[in-house]
Amino acid sequence: MDLSQLKIHFYGRYYLADIKCVYDVLKDSYSTTYDFHNDRQRMSDFSEPVSADFILTENTRPSYCSGSSIDVGHGLNPALGVGSSKQKNLVKVLTDEFDVICLYGQLQKDALIRTGYPQEKIIVFGMPYSIDLLKQTDDAQKKKFLLSQGLNPDRKTLLYAPTWNQSLAGGLLQKLFTKPKPTRQFFELWWKDGKERQRVEKLCNFCRVNGLNFIIRMHEKSRYDKDWLSLYSDIFDKHGVAGHYMNEDADSSPYLKYSDVLLGDISGMNTYFYVMDKPVVHLNKGVPFEYKVRYRVGAMDIRDRAGYVVDEFEEMLACIKDSFEKPERFTEKRKATVKKYIDYVGGECVSAIRREFQRVFSL
């Protein structure tokens, strides 16, 4: 069989991490069409084929196109922690939806096989997004980006990138769960006493006084109960903070590559910083994300968070400062966590993608 004649169709959001990098690796080896549906204005030559041999998608398959579906968008998420009945149902939804599932490492593969999913239909491709994340930083591009955010390119940068509300945004999970009551304001912690605004101001002032850029990157505005960036805009303007929602700028790469320390919680952003061997200060020792932790198949055991984990606000500020001063402090833990969950990073992923997709295409 001449695999170069295979027709593969990419469907999803171009800037959603792994799908972009898989597309970049495979596009010249096969007859390829694509519909990156959140970026049609930029990519005017999208196409909607009636059929393809394989559809590579980051969430759901397109209604207009038939073909075997390959999930390239859940990488680190499915298959782990399948103890509860609802978690097992989530895995069943994924396995019913897709003919082939791509995963980051053997740990996830072993767990998925235990659910009865055939191992030949599993691709382990590492973290494709790391191909871009680990490319050498272009200092001129970094300066241009920081200036575009109204920030000082000579300063180091703190990125706050939290997970979203515990309310659900849609997609496959809506087949399983009803919408819970949201629990987030700007922070998951520190708002029930009515003093969140003071803490936001203190954090922004802390960054300014310590000569740090501060970027806030929140999920789509629709995932939150209020427009927190607008509500605190006077504080952000006063201290020169750059803030936006992901739907306003879909490309996470420059925010990840050009930031030095991440302030996060249980967001997948943590893993990207681990791969780049950059510090993360994790909020919430008690993990008040009960809904996500209990009812969603977790990407990573929260005990494997690599870096400071804090509940107290003043402790958080001290840990942020130390992370800038001694970024190597948790290097070994970060490397151990990456090794546990991710089989390939950077250039290793290119070979794995080519090899594994060729194997599946030949089945």
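**Figure 1. Aspartate 277, in the loop between helix H10 (269-275) and strand S11 (280-283)****.** This is a predicted model. Aspartate 277 has a phi near 55°, a positive value in a residue other than glycine.

**Figure 2. Asparagine 284, in the loop between S11 and helix H11 (290-295)****.** Phi is positive here too, near 85°, and the residue is again not glycine. Is asparagine 284 buried or exposed? Asparagine 284 is buried, because its relative accessible area is 1% and the cut-off is under 20%.

**Figure 3. Helix H12 (residues 313-325) and its packing partners****.** H12 has 13 residues. At 1.5 Å a residue they should span 18 Å, and the end C-alpha atoms are 19 Å apart, which agrees. Buried residues of H12 are Phe313, Met316, Leu317, Cys319, Ile320, Asp322, Ser323 and Phe324. Which elements do these buried residues pack against? Five are strands: S7 (156-160), S8 (212-218), S10 (261-264), S11 (280-283) and S12 (308-310). Helix H6 (196-209) is also a partner. An α-helix has 3.6 residues a turn, so residues three or four places apart point the same way. Met316 and Ile320 are both on the buried list of H12.

Figure 4. The model has one cavity of 30 Å³ or more. About 30 Å³ of space lies in the largest cavity. By class, the lining has four nonpolar residues, one polar and four charged.

**Figure 5. The second largest pocket, with helix H9 (residues 253-257) in its lining****.** The volume of the second largest pocket is about 230 Å³. Its lining has 15 residues. Which of them lie nearest the centre of the pocket? They are Asp132, Asp251, Ser253, Pro254 and Lys257. Helix H9 gives the largest share of the lining, three residues. The lining divides into six nonpolar, three polar and six charged residues.

**Figure 6. Cysteine 65, in the loop between strand S3 (51-57) and strand S4 (66-71)****.** Cysteine 65 is buried, because its relative accessible area of 6% is under 20%. Beyond its neighbours within four places in sequence, cysteine 65 is in contact with His9, Pro49, Val50, Ser51, Ala52 and Ile55. Tyrosine 11 lies 54 residues away along the chain, yet its C-alpha atom and that of cysteine 65 are separated by 9.9 Å.

**Figure 7. Helix H14 (residues 347-361), in the setting of the whole chain****.** H14 has 15 residues and reaches 22 Å from its first C-alpha to its last, close to the 21 Å expected. Its buried residues are Cys349, Val350, Ala352, Ile353, Glu356, Phe357, Val360 and Phe361. The protein chain has 14 helices and 12 strands. Of its 363 residues, 53% count as buried. Contacts between residues at least 6 apart in sequence join residues at least 24 apart in 68% of cases. The accessible surface of the chain comes to about 16500 Å², and 47% of this surface belongs to carbon and sulfur atoms.

Conventions: Residues are numbered from 1 along each chain as its sequence is written. This is a predicted model: local features need pLDDT of at least 70, side-chain atom pairs count only at pLDDT 80 or more; totals for chains, interfaces and linings use all residues. Side-chain values use heavy atoms; hydrogens and water are left out. Helices (H or I, at least four residues) and strands (E, at least two) are DSSP runs, numbered from the N terminus. The expected span of a helix is 1.5 Å times one less than its number of residues. Buried means under 20% relative accessible area, exposed over 50%, partly exposed in between (1.4 Å probe, protein chains only). Contact means heavy atoms within 4.5 Å. On a 1 Å grid over the protein atoms alone, a cavity is a set of points where a 1.4 Å probe fits but cannot get out, and a pocket is an open set with protein on both sides within 12 Å along at least five of seven lines; lining residues have an atom within 4 Å of a point. Grid points are joined across faces, edges and corners, and a volume is the space filled by probe spheres set on the points. Ala, Val, Leu, Ile, Met, Phe, Trp, Tyr, Cys and Pro count as nonpolar, Asp, Glu, Lys and Arg as charged, and the others, Gly among them, as polar. Accessible areas come from the Shrake-Rupley method with a 1.4 Å probe; for residues, only the protein chains shown count as cover.
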